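Thanks, everyone; I would like to walk you through one structure this morning, starting with its strands and ending with its nonpolar cores.

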Amino acid sequence: MVSAMACHSRHAGHGPLCLALLVLAASLPMATGQIYTFEQVPLPEAKSLHTMYAFYVYSHQDAPDRSLGQPFVKFHSLSAHSTSGLKTDAELANYEGVQLSILPYRDFWALINPNRFCATPDDVQNNLAEHAEQMLVQKGPGVSNTDVNLYAHTVKFHVVEKDLQIPVHSTDVYILVYSNCGDFSEAVVSGTVIVKNAYGFLPGNEYHKMPFYGWLSLIYTLMAIIWMALSFRWWRELFHIQYCVAAVILLGLLEASLWWIFFNDWNQTGLRGRFLFVVAILSSVVKSVFSYMLILVASLGWGVTRPYLDHRTIMKVQAVSFLYIVLDFIRESVLSFRHSHSLSLAFVLLCLLPVALLNGVIFYWIFTALSSLMETLRERRQQEKLLLFERLWKVLVAALAAASSTLLFQIFDLSRSISIRWHYQWFFADGVSHILFLLVLSVMMYLWAPHTNSQRYAYSLQIDGDDKDKDEEGKEKEKPNVWAEEEGLDDDGEDESFWATTHEKGERKPKPTSVAPERIGTGEVS
């Protein structure tokens, strides 16, 4: 019997909540990156084996960084302890049926026969195995385990074996196998299996994210400096959308920095820091939801055609934001654990589908609102604002098309073996989305960059006609204010001017009539 000790096999068919499973997976003490810890883990049943974990290893020749020398697997402080009242550890001192092994994923079924994977005395006699009641590997006579990139260690009772460190010579995905080919199963195992690459403890499929987030942090820092300089230069012209763009830049910088710190710490210690992991995921979720909501409220006309949103719309935005935070946190967690814990495709899709549907709803809402906003601006003949949002529309359509193409490629790529696609999968899973976000943010910075005429994009109603009024001779008229106050023309039907309600603090002065009273003469009639 071959079974897989992974999240999906334990809970398949029971319809669990994704969030509950992920909280459980994050709290498990055993899997911490490239260090797998056994803390009194029960033995598999007699004549059975379990697949426990996946390690992603570069050979020394293929490693992107070779500063730490030859990659290796180390079996550290491993020992078995009997939990049976019938047999003690001393009585089981010669028991050799418990083994821990790592072997290439792509060769798993070529090396392991699911119908006969425990060696017998006949196999030993035929030089097919070294010892009976140990895992039988399908290899030719005279071929060693190292020749087929299989590294095994026998776990003993009663005594802690000396550490065994074996160099790894081939780039591949390696599966940790926990086997018991003997007749005894009432025992537990403690110890650690350590796999280290030539650059550190980061799994090979995660390594490239570390320099990627490092460069991303530098880019966000440069963007923050540029935006801050423009904001200080034109601070009198700023309006709330520009403040929100600044917040998005800072959130992007915070997210990239936290992920770089997380991967750097993981690479050095071999432990996936839980606190850093949760904080980094939350930063990604907050940045995403804040960015989506910024584009949404801008498309709804906030700060452009109306000073504020109505209460019903605000409640909808808040509800969508809360739901997105929960679902996107689940998505980020699943994507982080899907390879190392061998999560099933059905389970991954179950957790990703809700946030994908919510993304579809948000984008539909954004494009519908943006279309309505552009129609309003077109009717009011506010050409500069209209041009700005038309450009934003084109950028969003291009970004959505690129994201959709990437998703389709990932779905198509699922048909390929993980042993082939693990080298580049990080780029399509994480890199593309960050690059698209960076491009959209750059365009928004360009469109809403602070300058001497920033206020013309803020809430106010442009006088009908061209953006610049000209007199009959073609010269521009000099006017103290090129924006007319809105009197009952807002979409929500506000009766009073925005500037009147927000800038006048004293008693309202009566407005002069449009026709002055006629005066004849300059004095009294004599």
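Let me begin with terms: two strands are said to pair if DSSP finds at least two bridges between them, and the helices (H or I, at least four residues) and strands (E, at least two) are DSSP runs, numbered from the N terminus. This is a predicted model, in which local features need pLDDT of at least 70 and side-chain atom pairs count only at pLDDT 80 or more, while totals for chains, interfaces and linings use all residues. Residues are numbered from 1 along each chain as its sequence is written, and side-chain values use heavy atoms, with hydrogens and water left out.

With that in place, consider strand β10, residues 187-196. Strand β5 (residues 72-82) pairs with β10 in the antiparallel sense over nine bridges, and Phe72 has Lys196 of β10 as its bridge partner. β3 also pairs with β10, again antiparallel, over six bridges, with Tyr36 standing opposite Val193 in β10. Buried here means under 20% relative accessible area, exposed over 50%, and partly exposed in between, using a 1.4 Å probe and protein chains only. Eight of the 10 residues of β10 are buried, so this strand is largely enclosed by the rest of the structure.

Now to the backbone. Most residues other than glycine have a negative phi.

Finally, the cores. A nonpolar core is a set of buried Ala, Val, Leu, Ile, Met, Phe, Trp, Tyr and Cys residues joined through side-chain atoms within 4.5 Å. The largest has 92 residues, of which Tyr220, Phe389, Leu441 and Trp448 touch the most other members. Taking contact as heavy atoms within 4.5 Å, and not counting residues up to four places away in sequence, Leu441 touches Tyr220, Met223, Val245, Val248 and Ile249. Apart from that core lies another, of 30 residues, including Phe38, Leu100, Ile102 and Phe157.
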